[in-house]
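Open the model in your viewer and keep the selection panel at hand. Each stop below says what to select and what is there.

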Amino acid sequence: MIIIISIAFVVMLLFPIVGAYWFYKKVKGDILYINQDRIRDPRYFAVSFTKMMDKQFESFEQGESLHLSREEKILLADEIINYPNPCEAVVIAEKYDFNPPGKIEFNKEIYAMKNSKIMDHVQIRAIACKKDLVIGSNVRILRWADAVGKLIAKDDCDLGISTTSTKEIVIGNRCDFRRLYAPEIYLGQKEKTKIKVEDNLNKLNDFNLLGKIKYDLKYIDESMANNDGIIDFSIVSKYSLTVLEDLTINGNIRSGKKLRICDNVKITGNVFVEDDIFIGRNVVILGTVFSQGNIKVEEGSVIGKKNSISSVIARGTITFEKNCVVYGYISNEQGGQTY
Amino acid sequence: MGMGITIMIMKVYMVVTVTIMLVYAIRHFIFAYNRMFGRQRLYYNDIYTDVMPSVSVLIPMHNEEQVLNFVLESLIKCEYDKDLLEIIPINDNSTDKTKELLDEYHKKYSFITPIHRDCEDRGKPAGLNDALKIAKGDIIIVFDADYRPARDMLRHLAMAFQDPEVGAVMGRVIPFNGNKNLLTRLLNIERSGGYQADQQARYNMKLITQYGGTVGGFRKDIILETGGFNTAVLAEDTELTFRFFIKGWKVVYANSAECYEEVPETWEVRARQIRRWSSGHNNVMFRYIIPTIKSKHLTFMQKIDGIMLLLIYAIPFILLLGLINSLGLFYLGEMNIMNGFWVILFIGAYNSFGNFAPFYEIGVALFMDGMKNDARLLPLLTFNFYFYMWQISRGFIDSIYDLITKRKVKWAKTERFVSSDNN
């Protein structure tokens, strides 16, 4: 009996080891692939799509399909009056502006080489526009939209995963977004009435990446200002932090919990927070705003500086009230919205 | 009477060892669980900004003629404003063609400015200190000579310093020679567990993320204000980690900042490497365990994690003694330590024998890396366990000897296996 138990013990002990060694001999391991040439590009989708399209389209003849990631039927918008609904072909508008009628579903990509105006209640998988792109009300973008010119989205749109422009984006009210990128992004605004950011705000000094730091504050108020009325240090605090109204801070802010920035505050540096950030009215932050929680931005606030790129990043949600401006990039994981 | 006291001490030691093993098992299980199901903290790689810091890339080199072109060519291709970048290869007493090759690079590229050290004071910390004196960048990034950073690596690492709380950043290394033999295959899965699960979980939970000495960066001013690198310490990376945390700075982990590295291909080289790591790490443990407990900048959980991290290269020695101790108790007929319910404690602890905890982490990491088939290699880590237990224990004894005798540390570079012909 003891011999049997001993043999069983040895077999059970060795079995996984023998099995593992057999696996090692039979199956080659995986080496994780690192794309050594990868560069992050906020307009990645549009750039790679248009590059592929331009290359394929050179030799395109009518009636053919194009091989993109797979064989795709092509519809030339210049020759179409009535679109099928839903439209299951890749649409290319080469010579004329792309202005499809409303209430159509485009389930493949659209490539507009001129201007484009999307009417209300259209659903689009993705669109790359080489000039200006206007997205009407209640339009739903499933994946991405990009314009080399201006991109204007009216009220109640869903802007998909990525909306980008090389010039500017103007987004109306009650629009949903995930990622936005443009040198100038106007949120909760209309193209004709978009606010002009005061020039003097662009004259605020750039900050040092690492200046004087004060730790573990809970409030920032005017008693901390220097003779010029400026708070001339960065703040790193493990507590929730409140910055009181009308202050100017020449530095960075870091909070280990929540941050509240009251109205009319100006911050020349970056803002990094572990939890939620609440940004009051008419606040100016020249640097990057980064939250592991949610970000809410009230009316009239500006993040970034003209001719420069800053970011607003949230692990949670981002909401903007009307008349906000961001110079650069906005990204969130759980949904962004304009009021 | 004397025998009775001895047996009592042995029993107490048994209970202590078992408790320590259980605590570490729970710790690693928590990390594995957090990585799989917990809230993942964002790193900073999503940020776009044109306000980037000036960077000096330091590359310690000793007889690296075979591989130095890999790292330099990769860095030349990096997407980083060359007006904000300088590369300082540190030629540390090389006897091969390292000097000549570096001078050729300097002639071609003005932002590559090697320094040549020809002195008795050898070693990585001493070389880094010399380079820090001339480095112009606000941020220092260190690579080993055999590394191959991707084009966006510098940007990826430097971005962390937009956060005013960050003192240092650590990326992830991936073995490129993982398929060479059994050892490299096992090291590949260990690395996966160590970075993808362990480091990331510690970053998620805001614990003590480790700066690893390479594929990482730090603020130059902080290290200079605190006296530069300590040349009496072999594990300058661990020392930097604790120095920063104790002073209130944070070390962050960039899981997506991936870089290829070469892992040892022979057991002899691996033995020397792990013994050296153990000696250096325990040296840091002796210096920093009290300051870690006393630090006002660390939370309670960070102190617990910090202490456990400092002790990690002492545990195998404690366990080795525990195994010998348990054999002694067995043959003395004194294994009846606790009755009833407490037996479960011992069964649980002995089932985490070999610190099964890494198994959870490695399993989770392999799943996340898309290499779940390699989890079938886990049983072979049993041999690594005994191998490490022995070598780490030797390293622990080395560190005790160094502490008592104040012996000067001797630097040794890990042997390379790749050549420039073998890209």
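**Stop 1: a sheet in chain B**

Select strand S1 (residues 55-61) and strand S4 (residues 139-142) of chain B: the two run parallel and are joined by four bridges. This is a predicted model. To see one of the bridges, pick Ser56(B), whose partner in S4(B) is Ile140(B). Strands of a sheet pair through backbone hydrogen bonds, either parallel or antiparallel.

Now widen the selection to the whole sheet. It is an open sheet of eight strands in chain B, in the order S3-S2-S1-S4-S7-S6-S8-S5, with mixed pairing. What stands at the edges of this sheet? Strand S3 (115-117) and strand S5 (148-149) of chain B do; each has a single partner strand, so one side of each is left without a neighbour in the sheet.

**Stop 2: parallel strands in chain A**

Move to chain A and select strand S6 (residues 123-129) with strand S8 (residues 140-147). These two strands of chain A run parallel, joined by six bridges.

Start at Cys129(A), whose bridge partner in S8(A) is Ala147(A). From Ala147(A), go on to Ser165(A), its bridge partner in S10(A).

**Stop 3**

Most residues other than glycine have a negative phi, and most peptide bonds are trans. The next two selections depart from this.

Select Asn85(A) and Pro86(A): the peptide bond joining them is cis, with omega about 5 degrees. Pro86(A) is in the loop between strand S2 (71-76) and strand S3 (90-93) of chain A.

Next select Asn307(A), where phi is positive, near 65 degrees, in a residue other than glycine. Asn307(A) is in the loop between strand S27 (302-303) and S28 of chain A.

**Stop 4: where the two chains meet**

Show both chains and select the residues in contact: 49 of chain A and 54 of chain B. The area buried between the two chains is about 4800 Å², and carbon and sulfur atoms give 58% of it. Across this interface there are 23 residue pairs in polar contact.

Which elements of chain A each supply at least two residues of the side that touches chain B? They are helix H1 (2-26), strand S13 (213-215), strand S19 (253-255), strand S28 (310-314) and strand S30 (324-338). H1(A) gives the largest share, six residues. By type, the residues of this side of chain A are 25 nonpolar, 13 polar and eleven charged.

**Stop 5: salt bridges between the chains**

Side chains of opposite charge can pair when their charged atoms come close. Over all chains the count is 43 salt bridges, and between chain A and chain B it is six.

Select Arg41(B) and Glu274(A), whose side chains meet in one of these, at 2.7 Å from N to O.

Then select Asp163(B) and Arg254(A), where the salt bridge has an N to O distance of 2.8 Å. This pair crosses between chains: Asp163(B) is in the loop between helix H5 (153-158) and strand S6 (166-175) of chain B, and Arg254(A) is in strand S19 of chain A.

Terms used: Residues numbered from 1 in each chain as written. Chains lettered and ligands numbered in written order. Predicted model: local features only at pLDDT ≥ 70, side-chain atom pairs only at ≥ 80, totals over all residues. Heavy atoms only, no water. Contact = heavy atoms within 4.5 Å. Buried area = accessible area lost by both parts, 1.4 Å probe. Salt bridge = Lys/Arg side-chain N within 4 Å of Asp/Glu carboxyl O. Polar contact = N/O pair within 3.5 Å; in protein donor to acceptor, adjacent residues only side chain to side chain. Nonpolar A, V, L, I, M, F, W, Y, C, P; charged D, E, K, R; others polar. Pairing = 2+ DSSP bridges.
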